[in-house]
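Please look over the sequence and the model before reading on.

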Amino acid sequence: MLAFTLRRLLQAIGVMLAVGVIAFAMFRFAGDPVNQMVSIDTSAAQRAEIRHSLGLDDPVLVQFGRYFINALQFKFGVSYQFRLPVSSLLAERLPATLELAICATLLAMVAGILMGVYSALRRDTILARLFQAISLIGISLPTFLIGILLIYLFAVTLGWLPSFGRGEVVKLGWWSTGLLTVSGWKAIIMPAITLGLFQMTLIMRLVRAEMLEVLRTDYIRFARARGLTTRAIHFGHALKNTLVPVITVAGLQFGSVIAFSIITETVFQWPGMGLLFVQAVQNVDIPIMAAYLLMVSLIFVTINLVVDILYTVVDPRLRSTVSRAT
Amino acid sequence: MTQPVLSVRNLEVEFVTRRATLRAINGVSFDIAKGEVLGVVGESGAGKSVTGLAVIGLIDPPGRISAGEIELSGTRIDHLPLEEIRRVRGKRIGMIFQDPLTSLNPLYRIGDQIIETIRTHTSLSESAARRRAIDLLAEVGIPAPEKRIDGYPHEFSGGMRQRVVIALAICAEPELIIADEPTTALDVSVQAQIIALIKRLGRDHGTAVMLVTHDMGVIAETCDRVAVMYSGRIAEIGPVQEVVRNPLHPYAKGLMGAIPTLAGEDKRLVQIPGSMPRLSAIPPGCPFNPRCAFAFDRCRVERPEPIRQGTQSVACHLFEPAKETAA
């Protein structure tokens with residue numbers, strides 16, 4: 001088990017190194033940042049000075065080494081547009097994005113699993129069919145459209161919820177949270193639904209399909225022949241077996257939730273990393289883009305690792321094959 | 001005569017499909033006494049397993065019991081409300097399925113599965129149920145049960161898993177065990193052990209056993225009585241020695257003739273020509289008539305009813321007293 005974890009950890013480090021190379025390569029190939037920072041009438045000497053002060057005139061390998069060592073210390077350089085360290089810019093935006101992503105994922109999992117289980121157990125009811133229809137809409141409608149529709153309905157027409165921003169936030173150390181104020185909760189509802197809807201429908205369809213599959217297995221029939229209660233069979237035996245693949249998908253989806261939050265954050269002007277990234281793209285602010293790339297991939301790699309380990313916790317069969325393989 | 005543990009009368013099971021209603025079981029009647037082992041044999045699709053599932057109430061839609069009565073120690077158990085039949089399952093009737101590799105939930109320790117079943121049917125505490133589970137595992141012949149109780153199903157071999165399944169089936173001391181091909185998926189060497197175990201448990205606890213199999217060797221070795229099923233009906237039923245040595249029904253004769261012996265007589269095994277009719281195309285009259293060497297006109301129009309012949313009962317027009325001379 002330990003060897004398995006270590007091996008996965010090494011693989012994760014390999015992936016991060018590769019992403020680091022790509023992130024660094026952006027500095028080389030995405031145009032000259034100095035031109036972005038200065039006005040047209042800056043003299044060549046001044047340009048060279050800026051270039052030198054940013055270390056852009058050193059050999060490539062030296063620059064990469066420096067970038068790499070700094071990245072390990074979470075120093076991603078200075079934003080070209082804000083003239084502030086990228087790491088503090090990201091740290092400032094991180095809580096907003098994470099809160100949104102976690103709320104969206106929780107919403108997606110809870111609602112998705114409930115709806116999936118219901119529509120598997122009561123396959124022929126009207127409600128189950130309605131869930132199926134809703135899930136089709138959730139899968140096919142693009143995120144930004146759902147966001148705009150929600151804003152039109154609940155913010156513009158009904159005026160119940162704010163159409164942008166995070167509401168009031170409370171500082172807990174360096175972490176700023178919107179989940180302790182009423183306006184914060186109001187503000188997060190629509191973005192969370194928008195961001196989580198796709199995942200919710202995905203999880204719902206997956207749970208439904210898996211559950212139907214599991215309910216047909218011999219051990220469920222045997223559980224019924226043993227006279228266990230319907231509740232124990234459905235929510236003990238069937239659901240646990242259903243959740244094995246769901247954990248993987250939901251876990252991996254958490255990464256895409258963070259990555260996809262770019263769109264949702266733009267629609268709702270949510271002050272998170274995604275919005276920062278979009279602004280950075282518009283201004284060719286490469287340090288931010290590179291750091292964002294590194295961070296998202298770090299999140300993905302971490303989630304993958306956690307999912308792999310969780311998998312063995314849920315499924316004892318994997319536990320023994322894993323320890324046998326080492 | 002004492003009351004039989006299981007009494008099935010004129011059981012009919014239908015499967016309603018879009019095209020037609022298929023009758024999988026058509027007028028099956030039999031009794032199993034306390035401590036008795038009844039073997040049910042027949043080709044695949046003869047309705048052996050469906051009969052077992054009907055008794056325990058596990059026929060899933062679109063199938064349904066369309067007629068007949070099933071009594072367990074005098075109380076009717078067909079068409080009970082779901083919650084009441086659930087209390088019968090596992091508690092009064094234990095069931096063993098064919099494939100031990102897939103009968104156990106892979107994500108739960110076997111001990112937890114046994115304890116869960118015990119606690120569903122009795123008021124034992126968690127620790128008492130655990131002690132009982134260890135006793136049960138010891139009884140079905142699992143070595144070091146206090147250690148193995150915390151194992152997961154995949155850590156057991158096929159034969160050991162079937163022992164666990166049997167432990168699960170008997171954990172509430174049921175009156176009846178239905179074993180649906182309990183040895184088919186196992187190695188030959190393990191088969192004998194499992195059969196001996198089922199036989200011993202039936203004897204020790206006075207449990208009635210309904211043993212569904214297509215293995216005549218298992219039947220001859222284990223059962224007190226045997227029912228030969230064909231196309232959803234019982235062709236012949238009687239004490240196992242009589243039916244094996246002196247089968248009356250032409251189909252039973254064919255079945256016994258198809259058993260290879262080691263006695264060395266150099267005769268060819270008898271084959272029954274043709275195959276069993278599909279449920280959608282059961283011929284009128286006796287369902288066996290197209291394959292029967294002795295079939296006469298009446299067999300093609302009139303369905304034979306069971307006729308007593310000594311200790312045996314046979315559904316064949318050949319044994320109709322009035323027709324005996326004609327045949």
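## Exposure and the model

A residue counts as buried if 20 or more other C-beta atoms lie within 10 Å of its own, as exposed if 12 or fewer do, and as partly exposed in between. The model is predicted.

## Chain A overall

Chain A has 326 residues, and 35% of these count as buried. Its secondary structure consists of 13 helices and two strands. Taken along the principal axes, the C-alpha atoms of chain A fill a box of roughly 85 × 60 × 35 Å. Among contacts in this chain between residues at least 6 apart in sequence, 71% join residues that are at least 24 apart.

An unreviewed UniProt entry annotates residues 94-311 of chain A as "domain: ABC transmembrane type-1". This span is 80% helix and 3% strand.

## A helix pair in chain A

Helix α9 (residues 218-225) and helix α10 (residues 230-267) of chain A have axes that come within 11 Å and cross at roughly 150 degrees. The crossing of α9(A) and α10(A) is right-handed. On the α9(A) side, the contact is made by A:Tyr219, A:Ile220, A:Ala223 and A:Arg224. On the α10(A) side, A:Ile233, A:His237 and A:Ala238 take part. The residues of the contact between α9(A) and α10(A) divide into five nonpolar, one polar and one charged.

## Backbone features in chain B

Most residues other than glycine have a negative phi, and most peptide bonds are trans. Which residues does a cis peptide bond join in chain B? The bond lies between B:Pro61 and B:Pro62, with omega about 10 degrees. B:Pro62 is located in the loop between α1 (48-56) and β4 (63-72) of chain B.

B:His79 has a positive phi, near 55 degrees, and is not a glycine. This residue sits in the loop between β5 (75-76) and α2 (82-88) of chain B. B:His79 is exposed because 11 other C-beta atoms lie within 10 Å.

Phi is also positive at B:Ala144, another residue other than glycine, with a value near 50 degrees. B:Ala144 belongs to the loop between α5 (126-139) and α6 (145-148) of chain B. Is B:Ala144 buried or exposed? B:Ala144 has 11 C-beta neighbours inside 10 Å, so the residue counts as exposed, given that the cut-off for exposure is 12 or fewer.

Note on methods. Residues are numbered from 1 along each chain as its sequence is written. Chains are lettered from A and ligands numbered from 1 in the order in which they are written. This is a predicted model: local features need pLDDT of at least 70, side-chain atom pairs count only at pLDDT 80 or more; totals for chains, interfaces and linings use all residues. UniProt positions are given in the numbering used here, feature names are shortened, and annotations may be inferred rather than shown by experiment. Helices (H or I, at least four residues) and strands (E, at least two) are DSSP runs, numbered from the N terminus. Two residues are in contact if their C-beta atoms, placed from the backbone, lie within 7 Å. Axes are lines fitted to C-alpha atoms, for helices over the stretch in contact, and angles run from 0 to 180 degrees between N-to-C directions. A crossing is left-handed if the near helix is turned anticlockwise from the far one by less than a right angle, and right-handed if clockwise. Ala, Val, Leu, Ile, Met, Phe, Trp, Tyr, Cys and Pro count as nonpolar, Asp, Glu, Lys and Arg as charged, and the others, Gly among them, as polar.
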